[in-house]
Amino acid sequence: METMLTVESLGKSFKETRVLRNISFEVKKGEIMAILGPNGAGKSTTIRNIMGIMYPDEGSITFHNYHDIPRNKIGYLPEERGLYKNVKVMDILLYLAELKDYPLKKAKERALDYLKKFDLEGKENVSVEELSKGMGQKVQFIASIIHEPEFLILDEPFSGLDPVSQDIFKEEIRKLAEKGTAILLSSHQMNLVEELADRLFMINKGQKVIYGTMDEVKTEYANFKCTIRGENEKSTLERLPEVQRVEQDGNTSILYLTNNVNPATWIKHLPEQLMINELNIDRITLHEIFIDIATGKRGMGKVGESNA
Amino acid sequence: MRNTLKIAKWEIKRNIKNKSFLIGLFLTPVIFILFMVVPSLFSNDEEATPTNVMVNDQLNVYTELEALVDQSEFNWNLEPTDIRESDVENELNESEDTAYLFIDERALGEGVVPVYMSDEIDSFFINQVQLLATPIQAVQMEQLGVSTDELAMITKGITFTEPTSEESSSIESGGGMTTKELERMVPGAFAGLIMLSIVFTGMAIFQSASDEKKNKIAEIILSSVAPAELMQGKIIGYFALGIIQTFVSIALVLPVLSWRIDIPFMEYLFVPELAILVLIALLGYLLFAALFVGVGATMADISTAGNFQGLIMMLPFAPFIFIGPVFGDPSGLMAQIGTYIPFTTPGVLILRLSLLEEWPWVEIIIALAILAISAWLCMKLSGKIFKVGILMYGKNASPKEIIKWLRA
C-alpha cells in the first residue's frame with residue numbers, strides 16, 4: 001500500500017511542558033489508522049500539527065506526492081467542532097466545499113446524497129441552530145468528506161453519538177477506506193477502534209506506547225489473563241509459573257500471564273490446593289490495555305515488564 | 001488571495017441574509033433622518049405665521065422703522081394704518097398674530113408707545129419691538145435741538161467688542177456658511193460618514209471573530225485556509241458591508257437633506273479633496289478593523305469582555321476628546337497632537353481639513369504615513385493574536401497571554 005503521510009520524530013512543547021516527544025508513524029492509502037490515548041495524551045495536538053494549525057518544534061510531517069499540506073485534499077473533523085449558528089445547512093456545506101475548491105454543482109449533489117444517507121433528508125434549508133447535537137455532528141461529518149478527500153482526519157468522530165448514528169458513521173468510514181481514502185482516526189472508544197482500525201498508535205503523556213497492526217498488537221500485547229474466584233493467598237498465586245502480576249479484589253484474583261503461555265498446559269500445571277470456585281481464561285482487551293496505560297499500571301515500552 | 005476573497009464573500013452573504021444586519025442597515029439612516037427632522041417639527045416654523053405689525057404713525061418715522069425691521073430679519077409684516085385707538089379692541093378680537101403701535105406725541109412727551117397685541121402672539125414680540133425705540137428717540141432728540149452729528153454719536157451707543165482679525169471676518173455674521181466653507185464641509189462630512197459607518201461595521205468584525213470562537217468552527221475553516229487569509233477575508237468582507245451601509249445611508253439621507261436644506265450637495269461632494277479624505281477614512285478603517293479582529297479573537301463572548309478589551313473597544317471614540325480644541329483652533333497644538341496619534345488621526349484630520357481653508361500638506365503626509373504604518377503594524381500583531389486566540393475555545397485571553405503571543 002502506498003504511504004500517504006509520514007510523521008517523523010515529532011516534538012512539541014507548550015511553555016516548559018513537553019506535550020509531544022518523538023512521535024513517528026505512517027498512514028497508508030486505503031487504511032484506517034487509529035491514534036489512541038487517554039485525555040490529554042497529545043492526540044489532538046498531533047493532529048493539529050499535521051493539519052498545520054500548529055507548528056511542531058521538532059521533527060517533520062511529509063505528505064507524499066505533495067510539497068506542502070494539500071489542504072484541498074484533506075478532510076478534517078476536529079475534536080472541538082461547531083458550525084455557524086444562523087445559516088442554512090446547505091449554505092455552510094457549500095461554503096466549506098468552496099473553500100476546498102470543489103465544484104459547487106457536484107458539492108450540492110453530494111450534500112443532498114449524504115443528507116439522505118444520514119437521515120437528514122429535507123433539512124438542507126433548515127438553519128443550523130435548529131439542529132440537534134447529533135444532527136449537527138452529521139452535518140460536520142458531511143462537511144469533512146464533501147470534497148472527496150484523499151486523506152481524512154477524524155478527531156473523536158464518535159463522541160456524543162447514539163449507537164445508531166455510530167454505526168452509520170462506522171459504515172461510512174469503512175466505505176471511504178475501501179475506496180482508497182487514507183484515514184487517521186483518534187478515539188478513546190476502544191470497542192469502535194477495535195472493530196474499525198487496521199493499525200493503531202497508542203500514545204500516553206506525549207509518547208508512543210504501542211504502534212502496529214491490530215493483529216500484531218493483539219498477539220503481542222493482548223496476553224491471556226486468568227480470573228479465579230476463590231480464597232487464595234496473593235503470594236501463592238504470584239509464585240505460579242508464567243504469571244506476570246496478580247490483582248486481587250476480595251475473593252477474585254486476576255492473574256496476568258506472560259506472552260508465550262500455552263493456556264492448556266498452564267491450566268494442567270495448576271497446583272491442586274488452589275481454591276477454585278470459578279475460573280475463566282481470556283485475552284486482555286484493547287480496552288484494558290488502554291486503561292492500564294492510562295492509569296499507569298503499565299510502563300512505556302514493553303508492556304508488563306516493569307510489573308513482572 | 002483567492003481564499004481571502006472567498007471568505008470575504010461568505011461574510012457578506014452571511015450578513016446580508018441575516019435579519020438583524022438588514023434591520024440595522026435601514027434603521028441607521030432612518031434614525032439619522034429622524035434626528036434631523038423631528039426637532040424641526042417641534043420648533044416654530046418661521047415662514048408659517050409672520051406677525052402683522054400695524055403702525056399708526058404720526059411722527060413720520062415709518063420709513064426708518066421699515067428699514068430697521070428689514071435689517072433685523074424679524075418675521076414681521078409691517079404696515080401703516082389709520083385706525084383709531086378706540087377701535088383697536090374690536091379689530092384685535094378678529095385677528096391673530098397682530099399688534100398695533102400708536103406712535104404719536106405721547107412717544108415724544110412721555111416716552112411711551114402704546115402696543116395692542118392679539119392674544120396669540122410670539123412671546124418675544126414685546127422684546128423685539130423695543131428695537132423701534134431708536135428712530136423715535138432720534139425724533140425726540142431732534143426736537144430737543146441736538147445736532148445731527150451729536151445725534152449719531154448718541155444713538156450709536158457704546159458696545160464692547162473684540163478687535164477682529166481679517167481671517168475670522170470671513171466667517172459671515174449672518175449665520176449662514178460661505179460657499180467656500182461648504183465646499184470643504186461637504187466632502188469632510190461625507191468622509192466622516194464613511195469612517196463612522198465602517199468603524200461601526202468594524203465592530204461587527206469583532207463580534208464575528210468572537211463568534212468563530214464561540215461556535216468552534218475556526219478549526220474547520222483553518223483546515224482549508226491559513227489564519228492570515230481568514231483574518232484578511234473578514235476585514236475585506238466587513239469593509240464591503242460598511243460601504244454598503246454607507247451607500248444605503250446616503251441614498252436614504254441625501255434626498256431628505258436636499259429637501260430640508262437648500263444646498264447643491266452633489267456639486268460640493270465630488271471635488272478632488274474628497275479622494276484624500278476618503279483615503280484617510282480607509283486607512284482608519286484598516287487600523288480599527290485589524291485591532292478589532294485581533295481583540296475579537298481573544299474573547300469568548302462580548303459579555304465576558306475584560307477591562308482591557310473594553311478599553312480597546314472605546315478607542316474609535318478617542319477623537320471626541322479633540323473635537324472641542326479642534327473647533328476652537330484647527331491648526332492649534334491640540335489639533336496637531338490629535339493628528340499624530342494613530343487612533344485619533346482619521347477623526348481629527350478629517351475634522352481639521354473640513355475646517356481649514358489652507359491644507360497643511362506636510363502634516364497631512366506625515367499623518368498619512370503614521371496611519372499607514374500603524375495600520376500595517378496592527379495588522380501584523382493582530383495576525384499573531386488571531387492565530388492563537390481563535391483556537392482558544394471558550395476562554396478569554398489575559399493581557400499577559402496576549403503579550404506572550406505577540407513575542408512568539
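The model scores ipTM 0.78 and pTM 0.71.

Confidence was examined for chain B. The pLDDT of chain B averages 79. A score of at least 70 is reached by 87% of its residues. Helix H1 (residues 2-16) of chain B has the highest confidence, at a mean of 90. Confidence in chain B is lowest in helix H9 (residues 166-169), at a mean of 42. Over residues 164-176 of chain B, the pLDDT is below 50. Beyond near neighbours in sequence, this stretch has three contacts in the model. Where pLDDT is low, the predicted coordinates should not be read in detail.

Chain B contains 20 helices and four strands. Its length is 408 residues, of which 31% count as buried. Among contacts between residues at least 6 apart in the sequence of chain B, 77% join residues at least 24 apart.

The two chains touch. In this interface, 20 residues of chain A are in contact with 16 residues of chain B. On the chain A side, strand E5 (74-77) and helix H2 (89-99) each supply at least two residues. H2(A) gives the most, with four residues. By type, the chain A side divides into twelve nonpolar, two polar and six charged residues.

Within chain A, four strands form an open sheet in the order E11-E12-E10-E13. The pairing is antiparallel. Strand E11 (243-249) and strand E13 (278-283) of chain A stand at the edges. Each has a single partner strand, so one side of each is left without a neighbour in the sheet. Neighbouring strands are turned by 15° against each other on average, direction ignored. Strand E10 (residues 224-229) of chain A pairs with E13(A) over six bridges. Within this pair, Cys226(A) has Ile281(A) of E13(A) as its bridge partner.

Helix H10 (residues 286-294) of chain A has a buried face. Its buried residues are Leu286(A), Ile289(A), Phe290(A), Ile293(A) and Ala294(A). Seen down the axis of H10(A), these residues fall within an arc of 125°, so they line one face of the helix. An α-helix has 3.6 residues a turn, so residues three or four places apart point the same way. Gly296(A) follows H10(A) and has a positive phi, near 80°.

Methods. Residues are numbered from 1 along each chain as its sequence is written. Chains are lettered from A and ligands numbered from 1 in the order in which they are written. This is a predicted model: local features need pLDDT of at least 70, side-chain atom pairs count only at pLDDT 80 or more; totals for chains, interfaces and linings use all residues. Two residues are in contact if their C-beta atoms, placed from the backbone, lie within 7 Å. Ala, Val, Leu, Ile, Met, Phe, Trp, Tyr, Cys and Pro count as nonpolar, Asp, Glu, Lys and Arg as charged, and the others, Gly among them, as polar. A residue is buried if 20 or more other C-beta atoms lie within 10 Å of its own, exposed if 12 or fewer, and partly exposed in between; C-beta atoms are placed from the backbone. The arc is that of the directions from the helix axis to the C-beta atoms. pLDDT is the predictor's confidence in each residue, from 0 to 100. Two strands pair if DSSP finds at least two bridges between them. Axes are lines fitted to C-alpha atoms, for helices over the stretch in contact, and angles run from 0 to 180 degrees between N-to-C directions.
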